[in-house]
Amino acid sequence: MKSRRTPKDKLKTLLFGKDLRITEGDAFKEEYEFDYTSYLPLEEYISKQEIPKENAYFITDFGAVANDNSIDNANAINSCIEKCAENGGGYVVICGGHFTTKTIVLKSNVTLFVEENSSLVAEESGKGYSHPTLIYAKDCENICITGGGTINGMGHLFGRKPLFNKNVTEPAQYIDVIEMRRTSRAQLRFAHPSKYGRLVLLEDCKNIKIDNIILYDSAYWTLKLTRCDNVSVENFVINNNRHVANTDGIDMLQTSNVKIKHCFLSCADDGICIKNAVWEGCNSEMKNIHISDCEVITRTNAFKIGTETTHNISNITVENCRFYMTDLYPGTVSGISIESADGSEVSDIHINNIEMNRCTCPIFIRLCNRNRAAEVDENSASAIEFGKKVKGKGVDKNTFDMKGEVHDIFIENINAKEVEIPVILAGFKQRGKIKRVENITLKNINLEYTKRKEIIDKRLFIPEYSKVYPECWRFRNLPAYAIWARHAKNIKIENFNCTPAPNTWRKEKIFKDVI
C-alpha cells in the first residue's frame with residue numbers, strides 16, 4: 001500500500017460512494033471465525049432465575065415439542081399466550097430445550113419466561129411468518145421478556161456470501177478511510193430474499209420490561225421499540241453475527257421514558273440507536289431516555305441519534321459506558337454519533353464518562369439536509385435492504401426541508417484509544433444557506449491517536465455532503481487529527497487533549513466558519 005495518493009489515485013476516489021453490496025447468489029449459511037465476539041461476559045449480565053410457580057402456563061402443555069427443528073411450535077406457543085392473557089395474565093414458560101417457531105404474538109399482562117439453557121429458535125426457511133418478526137406485540141401493556149434463556153434469530157442463515165472469504169482481524173499498514181470502508185463492506189452478508197425480519201418488535205406498547213434475557217443472532221434489527229412508552233431494559237445481552245447487515249442492537253423510534261441499564265451488545269450495525277422518522281410511522285417527538293452502564297461492540301456506531309430523523313428528539317443521557325471493538329478490522333465507525341439529517345431538532349443531549357477503544361471517530365456531530373421523507377414512505381424505505389432502488393413518494397418536499405437543528409450538546413469525560421479520525425462537528429451549506437450545529441460543549445476529552453501512519457490525502461476542499469447519508473467515514477482522511485469543525489456556533493472546549501498523529505501533514509485542530 002502506498003502512503004500518498006497520486007493524481008490517478010485521486011481520480012479513483014470518485015468511486016468512494018460505490019457500494020460493495022452483494023445482490024446475487026443463494027443464502028450463505030457458513031459462519032466464519034470472529035463473526036461473533038470473542039469477548040462475551042455472560043456471567044456478568046445474565047443470572048439464573050427460578051421457574052415461576054403461580055400463574056404459570058407451560059408451552060409443552062399446549063403441544064410444543066422441544067429439540068426438533070422440523071416442527072413449527074408457533075401455534076402451540078401462541079395458544080399458550082392467549083390462554084394466559086384470557087385468564088388475566090401471568091407467565092408463559094419456555095423450558096426443557098430449544099423450541100423452533102415462527103412469529104409469536106405477545107399479549108397484555110403476559111411475561112414471556114425463557115428458562116436458562118432453553119431457547120426460542122427462528123424457523124430457518126423464513127417462510128410463513130405471520131409478521132416479519134419473530135416476537136411481536138402491538139397495543140399491549142405490562143409485558144415482560146425474561147428468564148435467563150435465549151431467543152435465537154438464526155440470522156446468519158438469511159444473508160448472501162460476503163465478498164471476502166474470511167474476516168479481517170489485522171489493521172492495514174496505513175489508515176485510509178476509503179479502503180477502511182471498502183474492507184468493512186466486503187465482510188458483510190447482505191440480505192437474501194428469504195430474510196424474515198426482526199427478532200423482537202414492540203409497537204404502541206407501554207409499561208415494557210426486558211430483563212435477564214439473551215437475544216442471539218438476529219436477522220435484522222434486534223430489538224425495535226416503536227411508539228412505546230415507559231420502557232426498562234436491564235441485565236440484557238445481544239450477541240449477533242457481526243457481519244449480518246442491518247442488525248442493529250436496540251432501536252427506539254418515537255419511544256419515550258426509557259431506561260437502558262447494564263446491557264452488553266455485540267452487533268453488526270448501530271448498537272443503541274435513536275430514530276424518529278415519518279416513514280417509520282413516527283408522528284411526534286420523543287424524549288427522556290437514560291442509558292447507563294452498557295458495553296457496546298459494533299461494526300458501525302456504538303451510540304447514535306439518527307440517521308432517520310424528521311421529528312424532534314430531546315433530553316437524552318448516556319453515561320458510564322464502554323464502546324469498543326475487540327477482534328476485527330476496521331473497528332467501530334464512531335463511538336458517539338449525533339445526527340439530524342431529515343428535519344429533526346436534536347437537542348439537550350448529555351453524554352458523560354465514556355471509555356472507547358478502536359472507535360475510529362470518537363465523536364461525530366452532524367447536521368445536514370438529506371430530506372429523505374420526500375423520497376420514501378413506509379413501504380419503500382426498506383427497499384435498499386434488499387439491494388433494490390427506492391420506489392414511492394413520501395411527504396411534500398417542503399415539509400421537513402431545511403428544518404433540522406442540532407444544539408445544546410454536552411459531552412464530557414471521554415477517554416478514547418486507537419483513534420483514527422478526528423472529532424467532527426459539522427453543519428452544512430446548501431442552496432446558499434448555512435445551518436450550524438450550535439452550543440456544543442466538549443470537556444475533559446482525552447484521545448490517544450493510533451500510532452499507525454495515514455495515507456496522505458490532501459484535498460483542495462472538503463465537500464459539504466449535505467444531501468447524502470451522514471457518516472464520519474464520508475469525510476475521508478481530514479486535514480486535522482484532533483478536531484475538525486465547520487459551520488458551527490458557540491463551541492466550548494475545555495481540557496481537550498489528543499496525542500499527535502504520526503503524520504506531519506495535518507494540523508491538530510481546524511475550525512472553518514465557526515462563530
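Among contacts in the protein between residues at least 6 apart in sequence, what share joins residues at least 24 apart? The share is 81%, with contact meaning heavy atoms within 4.5 Å.

**Ground rules.** This is a predicted model: local features need pLDDT of at least 70, side-chain atom pairs count only at pLDDT 80 or more, and totals for chains, interfaces and linings use all residues. Residues are numbered from 1 along each chain as its sequence is written, and side-chain values use heavy atoms, with hydrogens and water left out.

**Select the whole protein.** Show it as a cartoon. There are 4 helices and 30 strands (DSSP runs: helices are H or I, at least four residues; strands are E, at least two; numbering starts at the N terminus). The radius of gyration is 23 Å, close to the 24 Å of the globule rule for 515 residues, so the protein is as compact as a globular protein of that length. That radius is taken over C-alpha atoms, and the rule is 2.2 Å times the number of residues to the power 0.38. Along the principal axes, the C-alpha atoms fill a box of roughly 70 × 45 × 45 Å.

**Colour by burial.** Of the 515 residues, 60% count as buried, that is, under 20% relative accessible area with a 1.4 Å probe, protein chains only.

**Select strand 19.** Take residues 301–309 and stop at T309. T309 counts as buried because its relative accessibility is 0%.

**Show the neighbours of T309.** Leaving out residues up to four places away in sequence, T309 touches N276, A277, E339, S340, A341, D342, G343 and S344. Zoom in on A341. Its backbone nitrogen lies 3.1 Å from a polar atom of the T309 side chain.

Key:
Buried means under 20% relative accessible area, exposed over 50%, partly exposed in between (1.4 Å probe, protein chains only). A polar contact is a pair of N or O atoms within 3.5 Å; within protein, one must be able to donate a hydrogen and the other to accept it, and residues adjacent in sequence count only if both atoms are side-chain atoms.
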